Amino acid sequence: MSQVEREIETAGGSVGVTVERRGGIAIWTIDRPDRRNALSRSVVREIGRLAREGARDASLRAVIVTGAGDQAFCAGADLKERQGMVEEEVRDFLSLYRVCFRDLDAMPVPVIAAIEGVAFGGGLELALSCDLRIASRTATMGLTETSLGIIPGAGGTQRLAREIGASKVKELVLFARRLTAEEALAYGLVNRLAAPGQRALEAALEWAQPFLEAAPIAIAAALSAIDAASDLPLEEGLSFERACYERTLVSKDRTEALRAFSEKRKPLFRGE
Ligand code: COA
C-alpha cells in the first residue's frame with residue numbers, strides 16, 4: 001500500500017474543514033483564514049473523505065465548497081508546509097490531490113465552488129474539480145504556479161483545457177495571470193457572479209435551491225454522462241449516455257414526473 005493509500009484509509013475527522021448542513025445542502029468550508037485557506041495535506045485529505053462519505057448519503061442534494069472569511073476561497077497549496085517537504089513528499093502530495101479531487105469530481109450530486117476573495121493555484125484547481133463555480137464581484141483567481149517555478153499539479157492544465165480550450169489556458173498559465181471576477185466570467189472560469197455586494201456563499205445557496213426538488217437519479221446520471229463527454233470518442237460517448245439514461249428509465253421518479261404532468265401538479269421526486 002502506498003503512503004497516499006494509507007493516508008486515505010486512515011483519514012477521518014475535520015482538520016481545517018468545517019461542515020454545515022442546511023437541509024439537503026452541505027457546506028464545506030476550508031477554515032484556515034490565517035493562511036488564506038491554503039491547502040495543507042490534512043485539508044486535501046479531508047475534502048476527499050467528505051466526498052466519499054457524501055457520495056453514499058442518499059439525503060444529500062448538493063454540496064457547496066467555500067473558504068472562511070472574505071479574503072480567500074483558497075490561496076492554493078500551503079507554501080509554508082511545502083517548504084518543509086522533500087521532493088518525494090511533494091510527489092505524494094500531488095498523488096493525494098489527484099485522488100481527493102477525483103473523488104470530489106465524481107460526486108453524484110452537484111458540487112458548487114463559492115469563490116470569495118482569492119483562488120490561486122491549487123485553490124482554483126479545487127474549484128475546477130467542482131461542477132459549477134460562482135464568484136463574488138471582488139474575487140480574483142488564476143493558475144499562478146509558473147510564478148513559483150512549478151506548474152499546476154492538481155489537474156489545472158487538464159481540467160481547465162477541457163473547459164475553456166488550450167489556447168486560453170496557455171495564456172493564463174504562461175503569464176501566471178490573476179483575473180478579476182469579470183475577466184474570469186468572460187474566460188469561462190466561472191459560470192456566474194454573485195450580485196454586487198452579495199457574498200458568494202449566499203449566491204451559491206440561492207443557486208442550489210432547485211436541486212432540493214430535482215430528481216436525484218436524473219441529476220446523478222446527467223453528471224456522469226456530461227463528465228464522460230470530454231474523455232470519450234462520440235460513438236462511445238453516445239453509448240455511455242444511453243447507459244446513463246437507462247438509470248433514469250427504470251426509476252420511479254420518471255413515472256412520477258409523467259403522472260404529475262398529466263395531473264397538472266409538481267412532481268415529488270424521492271430518488272427511487
Ligand atoms: N500558503 C501558506 N500561507 C499562505 C498562503 C499559502 N498559499 N497564502 C497566504 N498565506 C499566508 C501568508 O504567508 C500570511 O501569513 P503571515 O501573516 O504569517 O505572514 C497570511 O496568509 C496572509 O497573507 P498575505 O500575503 O499577508 O495576505 P494578502 O491578503 O496581502 O495576500 C495572497 C493574499 C493570497 C494574494 C498572497 O498571500 C499570495 O499571493 N499567496 C500565494 C498564492 C499562490 O501563489 N498560490 C499558488 C500556490 S501553488
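A disulfide is a pair of cysteine sulfur atoms within 2.5 Å. I kept that rule at hand for my notes on this structure.

**Ground rules.** I am reading a predicted model, where local features need pLDDT of at least 70, side-chain atom pairs count only at pLDDT 80 or more, and totals for chains, interfaces and linings use all residues. Residues are numbered from 1 along each chain as its sequence is written, and side-chain values use heavy atoms, with hydrogens and water left out.

**Cysteines.** I looked for disulfides and the count was zero. Cys74 is in none, as the nearest cysteine sulfur, that of Cys130, is 11 Å away. I then checked burial (buried means under 20% relative accessible area, exposed over 50%, partly exposed in between, with a 1.4 Å probe and protein chains only). Cys74 counts as buried because its relative accessibility is 0%, and Cys130 counts as buried at 3%.

**Aromatic rings.** Next I searched the whole structure for aromatic pairs and found two. Rings of Phe, Tyr and Trp (its six-membered ring) pair if their centres lie within 6.5 Å; planes under 30 degrees apart count as stacked, over 60 as edge-to-face and the rest as tilted. Phe93 and Tyr97 are edge-to-face, at 4.7 Å centre to centre with 85 degrees between the planes. Tyr97 and Phe101 make a tilted pair, with 5.2 Å between centres and 50 degrees between planes.

Where do Phe93 and Tyr97 lie? I found both in helix α4 (residues 87-105), four residues apart, about one turn of the helix. Tyr97 and Phe101 are also four residues apart in helix α4, so about one helical turn separates them. Phe93 and Tyr97 are buried, and Tyr97 and Phe101 are both buried.

**Charges over rings.** I looked for these too (NZ of Lys or CZ of Arg within 6 Å of the ring centre and within 35 degrees of the ring normal). The charged end of Arg82 sits over the ring of Phe93, 5.1 Å from its centre. Arg178 has its charged end over the ring of Phe120, 4.1 Å from the centre.

**The whole protein.** Finally I stepped back and noted twelve helices and ten strands; these are DSSP runs numbered from the N terminus, helices being H or I of at least four residues and strands E of at least two. Of the 272 residues, 47% count as buried. The C-alpha trace spans about 60 × 50 × 40 Å along its principal axes.
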